[in-house]
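Here is a short briefing to read with the structure open beside you.

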Amino acid sequence: MTKQMRAWSVGAPGPIAERPLVETTLPVPQPGPGEVLVAVSVCGVCRTDLHVAEGDLAVHRAGVVPGHEVVGQVVARGAGASRFAEGERIGIAWLRSTCGSCQACRAGRENLCPHSQYTGWDADGGYAEYTVVPQSFAYRIPEWYDDEAAAPLLCAGIIGYRALRRASVPPGGRLGIYGFGGSAHITAQIAIAQGIEVHVLTRGEAARQLALKLGAASAGAAYDAPPVPLDSAILFAPVGDLVPVALAGLADGGTLAVAGIHLSDVPALNYQQHLFRERTLTSVTSNTRRDGEELLTLAARLGVRPTTTAYPLARADAALSDLACGRVTGAAVLHTG
């Protein structure tokens, strides 16, 4: 095996136009106890990667390699790592480790563990030819998915699935989706397959057309009022100004779930207009491993198919720039080959 690998790391975090992502050569990492070394086939490009590169998320590790929607093959195993065989295809997601002993972990809410760590933020991720992962936080990929289609499921899909649950949509209810990128277009497919009426509100015409193609009942501009009162809504766009807009679109008793890890400032809310009549405002924090297992099983069962745009690893910076500027329809995916 080669001793060096191509990779991208975050230099000085800042606006993507200032090229904070730096192409580099790094030593191939070695798996520690309980870890496996993965030869990366593809890595999805997530908005969280953009937040890490631009500094919206505080630096956890200088020079970190982003990327946490990784699909690849196990090529080496550390001491005690027996869950996966060499040559087996696995996936790596955002949540990388938890303490396993705090109150949140003991209660089955490991996504709230105060000691949790994350791929592509605390440890190097998949914008590289190789990466390592603790075996207990990796996933088997359903055979129904090829590598490119599977990658966005590993964060966009998992977080969208948790957001959908947090939104408490009643059976056959009406769901509003604000923003329609990688996570939203997967979540919409799940909701529609379950008999939920989906209304999409987003800035891009291409995204609105994709929403209608996937079966949304309507697709309007981000700040438009929905055509009907909504039982639930999910805010995927990291735009705090949309919180009161989405709350105002809810029917009595409705729930708005904010799905992003980062959100710009939320303007003042009017209690009578936005929260009264038992409206609920909630957030989504990371995911549990159970969320990931359930999402991968459910997505394959329902025939969910991510829309992807492929980029070579050498153009990772361009992929992030396109994401920032709204030029990606669906999800961007990096290929190492």
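In strand β11, E197 is the bridge partner of R174. That pair is a handy way into the fold, and please keep in mind that this is a predicted model.

- Strands β10 (residues 174–178) and β11 (residues 197–201) run parallel and are joined by five bridges.
- Both belong to an open sheet of six strands, which pair in parallel in the order β12-β11-β10-β13-β14-β15.
- The edges are taken by β12 (218–220) and β15 (280–283); each has a single partner strand, so one side of each has no neighbour in the sheet.
- On average, neighbouring strands of this sheet are turned by 20° against each other, ignoring direction.
- Helix α6 (residues 205–213) packs on the sheet and touches β11 and β12. The direction of α6 makes about 175° with that of β12.

**The nonpolar cores**
- The largest nonpolar core has 49 residues, and the members that touch the most others are V45, I90, Y127, L320 and L334.
- At least two residues of this core come from each of β1 (4–10), β3 (35–45), α1 (47–54), β4 (70–77), β5 (89–92), β8 (130–134), α10 (316–324) and β17 (331–335).
- Which strand gives the most to this core? β3 does, with six residues.
- Leaving out neighbours within four places in sequence, L320 is in contact with I16, L21, V45, C46, D49, L50, A53 and Y127.
- Another core, of 44 residues, lies apart from the largest one; V71, L154, V169 and L175 are among its members.

**Helix α1**
- Is α1 mostly covered or mostly open? Mostly covered: six of its eight residues are buried.
- Those buried residues are T48, D49, L50, H51, V52 and A53.
- The buried residues of α1 pack against β1, β3 and α10.
- The helix is followed by G55, which has a positive phi, near 85°.

**T336, a buried threonine**
- T336 sits in the segment after β17.
- Its relative accessibility is 16%, and because the limit for buried is under 20%, T336 counts as buried.
- What does the side chain of T336 reach? It reaches the backbone oxygen of V40, at 2.6 Å.
- Not counting residues up to four places away in sequence, T336 touches R6, V40, S41, A128, E129 and L313.

**Aromatic pairs**
- There are five aromatic pairs in the count.
- One of them is Y118 with W121, a tilted pair with 6.0 Å centre to centre and 35° between the planes.
- Y271 is exposed, at a relative accessible area of 52%, whereas F276 is partly exposed, at 36%.

Notes:
Residues are numbered from 1 along each chain as its sequence is written. This is a predicted model: local features need pLDDT of at least 70, side-chain atom pairs count only at pLDDT 80 or more; totals for chains, interfaces and linings use all residues. Side-chain values use heavy atoms; hydrogens and water are left out. A nonpolar core is a set of buried Ala, Val, Leu, Ile, Met, Phe, Trp, Tyr and Cys residues joined through side-chain atoms within 4.5 Å. Buried means under 20% relative accessible area, exposed over 50%, partly exposed in between (1.4 Å probe, protein chains only). Helices (H or I, at least four residues) and strands (E, at least two) are DSSP runs, numbered from the N terminus. Contact means heavy atoms within 4.5 Å. A polar contact is a pair of N or O atoms within 3.5 Å; within protein, one must be able to donate a hydrogen and the other to accept it, and residues adjacent in sequence count only if both atoms are side-chain atoms. Two strands pair if DSSP finds at least two bridges between them. Axes are lines fitted to C-alpha atoms, for helices over the stretch in contact, and angles run from 0 to 180 degrees between N-to-C directions. Rings of Phe, Tyr and Trp (its six-membered ring) pair if their centres lie within 6.5 Å; planes under 30 degrees apart count as stacked, over 60 as edge-to-face and the rest as tilted.
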